[in-house]
Amino acid sequence: SSPPRAAGAPCGGSAATQGESSRTQSPESLLDIAARKVAEKWPFQRVEERFERIPEPVQRRIVYWSFPRSEREICMYSSFNTGGEELGSSGESGDETRLPFRRGIALLESGCVDNVLQVGFHLSGTVREPATSSEPELLCNVSVSFDRCKITAVTCSCGNKDIFYCAHVVALSLYRVRKPEQVKLRLPISETLFQMNRDQLQKFVQYLITVHHTEVLPTAQKLADEILSQNSEINQVHGAPDPTAGASVDDENCWHLDEEQVQEQVKLFLSQGGYHGSGKQLNLLFSKVREMLKMRDSNGARMLTLITEQFMGDPRLALWRQQGTTMTDKYRQLWDELGALWMCIVLNPHCKPEQKGFWLRQLRRWNGVDVCPLEDGNHGSDAGASLEPVFLDEKLLHRGITSVTNLEGWVGHPLDPIGTLFSTLMEMGRGSEDGAVLDFSGTHSRRTEHPVLPAQRFLEDGESFVSLAVETALIGLGQQRVMPDGLYAQEKVCRNEEQLLSRLQEVDLDDTLVKIFRKQAVFLLEAGPYSGLGEILYRESVPMHTFAKYLFASLLPHDAELAYRIALRAMRLPVLESTAPSGDLSRPHHIVSVVPNRYPRWFTLSHIETQQCELASTMLTAAKGDARKLETVLESIQKNIHSSSHIFKLAQDAFKIATLMDSLPDITLLKVSLELGLQVMRMTLSTLNWRRREMVRWLVTCATEVGVFALDSIMQSWFTLFTPTEATSVVASTVMSNSTIVRLHLDCHQQENLANSARTLALQCAMKDPQNCALSALTLCEKDHIAFETAYQIVLDAAATGMNYTQLFTIARYMEHRGYPMRAYKLATLAMTHLNLSYNQDTHPAINDVLWACALSHSLGKNELAAVIPLVVKSVKCATVLSDILRRCTLTTPGMVALHSRRNSGKLMSLDKAPLRQLLDATIGAYINTTHSRLTHISPRHYSEFIEFLSKARETFFMAHDGHIQFTQFIDNLKQIYKGKKKLMMLVRERFG
């Protein structure tokens, strides 16, 4: 019968089951059992030394059983992941079928393996790679050496250069694993030669030389010469080497690993600096090291040593050191991973002390190299290097208590002791002997599926591994620890904490675990300075918000009081307090600084404040309906949260929770929401905040929900909450809108009271900031005569000093629109006194206002027009604007366009008499001045436009009775002064003579 297969399904192949059935049908022979054990443990040299003559059948069985029987290791050495886990990425293609292991199986199953021969501890054969559209058929000669169930050397004529075995080596090896009976088996060649006489040996050598004479003849001659020479080195040694004879006693027994390729590839990945997926490739190599460690393969440490050497030799390290710059985060994570893996190696319980000593010397040697990166390079101040702490921290968790001087936290530590312990205990608890590779790093995605086992494993005293894991995590997360220096280390603290919490969330809380939670919660509240939730909190301590939110949610269904105690205690954020105490207000000494005069730079502060806000929001949601609890949470928010945008978010959250559609509004929670909103208003009143407008609108909505008293109250104290503009344009306007009246179901009396408050507010704002609030105040006071008059008076008082022409024109137009033309006229004349239009401002935005003001005066009558024209003449120096006004005034009779019943004479005004004569003179004067101004720097391309301008001037000149004479003199004058501009003067002559 065929020999039995080793236990454990083959990696990804069709599991041969005949071995299992044969074991049940006929018992294994004693020879096979013994030979198998010897083949696994003893180097063959030891077997030969132990017995003078080993019978051939015994030798055959030892040689037979020396080949690996499990496919798992072959899979590990020929793919980036164990066959069982669907990682599927061996490079760019990301296609799992491209992994050498998968391709090897395909070659084997399609009958491409041939000529398989086992000579002693050496296996050879040919593997045919079928032709593809782009490649011709390839025939590969493959040979594999093995010893004690491990492949120790491989060669293949395909010339593959990679860390992993090629598909052809896989195909040949699996052929031997799956079809051992079909492999011709011979003893080591030295045994065969031993059985030959002299003639046979002569024949053997001559035939061998004939078949391969071109390759081996020079070597054969050289060896013959050496053997025939008495004193040659070859004659000093007893016996001769045999590549098929198995291992000698001194040979290290480990799987074949191409060290040169490991070095080359790591060097290549590092040189790509994280681009082209090189970071991913390095992480896959790290995963391979983990896999080897899990399978207790000594190559794990060997491969990690090679990787570390390449990392230490990375030329960028010296460059960064020289420039004083920090390494990239991606790169730093790789260094972290390196440190975590060394920790796994040196803490390995199966590791011999001399081996540990060797590694310690090696790590110290690396640590001495001056390019070794600092633990945190952001400031270059921390001196602990990445690889050294491994040995300092073995006893880390046995201390049990952190003294205040221990500034190093367990969570966020480069070597992640809590995460490591948690993973180990959970894995033990799930009883997964053969489960996933222990992942201590926190840099890779976790396995998603955890085998759900019916029973947890228990320790002797009835404690389960799972409960120990949970307790360890809670102790670590609750430890008071100082925020480290530097962005990367600080982000790592957050990341580490979040990873631990997400793993804790996967654990279902049963009664036993709830007890542990309660015990730990009480312990953390009552403990001394080692606890981050104790009474004494250091200013630089890492906040507990994220952890407390998890504790709160976990404890709430079982012990609400305890849950609130934890969450309220954790709300503290002393790094933002100037001198405020952290415990009760009666104990101002509770904030102590561990490191005096150290103002830490908290790079992750915005994230921390967000977490603090989320903790508060969680409590608000849970406290809905409980007035006492809501009051406590509100106090805590007001005391501990210092960011207006976070308080605003909480106010909005509270509002949403209070007004959920499925129930009546929770009035206490609404009041909490309003209270927080008012705090935001006070905080952002004098500081700029881009969301301020949204905040003001929201606050009015919130006050409306709370009721008419709340609206009245915010209007009474508007100056502590709003700017005058916000108070009039948003607050008062919204309060007096129809939608608010409808929303509040107000009766007439209530409506009037609210409107009075709004008007009072509007007048106060107009007094304080007339420029921006006067118009709003007038609009809001329209329905109340006294208030409206008061607002108008405020505008008049401010017109002289505090307001510009744009604001005054706007209010003037509003007054005309409301049916107050005389008031509009008065304000327009006041606006004119502030205006100044120079000769070239013919597109000024105020021109329309000036034309409107003149039209208004004209419509009111001669006196009004006479009063406004001197103001126009004084303020406007632009000829085209003046001529436009002049033309309009001469077209119609003053007062004719008026809608008002003012009488007038019905005669057009004369251009020879005031006030139009004054306007005409001013217009002519403006044309003359503008002409001279334009001529001082005119270019030929503007000549034709200038001639048109003079034509317009002529029209205005001609309006005067002596205009012809004036214009002719003006032109003559120009020709005299600017005679140098010959071409231009020629054009002037052509047009004007």
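## Report on a predicted protein chain

The protein chain exposes about 49800 Å², and carbon and sulfur atoms supply 54% of it. The model is predicted. Buried residues make up 48% of the 993 residues in the chain. The secondary structure comes to 45 helices and seven strands.

Five strands form an open sheet in the order S4-S3-S2-S1-S5. The pairing is mixed. Strand S4 (150-156) and strand S5 (184-186) are the edges, and each pairs on one side only. From one strand to the next, the twist averages 20°.

Strand S2 (residues 122-129) and strand S3 (residues 138-147) run antiparallel, joined by eight bridges. Here arginine 128 stands opposite leucine 139 in S3. S3 also pairs with S4 in the antiparallel sense, over six bridges. Aspartate 147 has lysine 150 in S4 as its bridge partner. The hairpin of S3 and S4 has two residues between the strands. In that hairpin, arginine 148 takes a positive phi near 50°.

Helix H4 (residues 56-65) lies across strand S1 (113-119), S3 and S5. H4 runs at about 120° to S5.

**A nonpolar patch**

Ile189, Phe204, Val205 and Leu208 make a nonpolar surface patch of about 300 Å². Helix H9 (residues 198-211) gives the largest share, three residues. Isoleucine 189 lies in helix H8 (residues 189-194).

**Salt bridges**

Side chains of opposite charge can pair when their charged atoms come close. The whole structure holds 38 salt bridges.

| Residue | Partner | N to O distance |
|---|---|---|
| Aspartate 336 | Lysine 492 | 2.7 Å |
| Lysine 649 | Aspartate 653 | 2.7 Å |
| Glutamate 694 | Arginine 691 | 3.0 Å |

The bridge between aspartate 336 and lysine 492 links distant parts of the chain, 156 residues apart. Aspartate 336 sits in helix H16 (residues 329-346), and lysine 492 sits in helix H21 (residues 487-505). Are these two side chains buried or exposed? Aspartate 336 has a relative accessible area of 11%, so it counts as buried. Lysine 492 is buried as well, with a value of 12%.

Lysine 649 and aspartate 653 belong to one helix, H27 (residues 644-658). They are four residues apart, so about one helical turn separates them. Lysine 649 is partly exposed, at 37% relative accessibility. Aspartate 653 is buried, at 12%.

In the pair of glutamate 694 and arginine 691, glutamate 694 is partly exposed, with 37% relative accessibility.

Salt bridges link Glu561, Asp626, Arg628 and Lys629 in it.

Definitions and conventions. Residues are numbered from 1 along each chain as its sequence is written. This is a predicted model: local features need pLDDT of at least 70, side-chain atom pairs count only at pLDDT 80 or more; totals for chains, interfaces and linings use all residues. Side-chain values use heavy atoms; hydrogens and water are left out. Patches are made of residues with over 30% relative accessible area and no salt bridge: like charges are joined within 9 Å, nonpolar side chains (Val, Leu, Ile, Met, Phe, Trp, Tyr) within 5 Å. Accessible areas come from the Shrake-Rupley method with a 1.4 Å probe; for residues, only the protein chains shown count as cover. A salt bridge is a side-chain nitrogen of Lys or Arg within 4 Å of a carboxyl oxygen of Asp or Glu. Two strands pair if DSSP finds at least two bridges between them. Axes are lines fitted to C-alpha atoms, for helices over the stretch in contact, and angles run from 0 to 180 degrees between N-to-C directions. Contact means heavy atoms within 4.5 Å. Buried means under 20% relative accessible area, exposed over 50%, partly exposed in between (1.4 Å probe, protein chains only).
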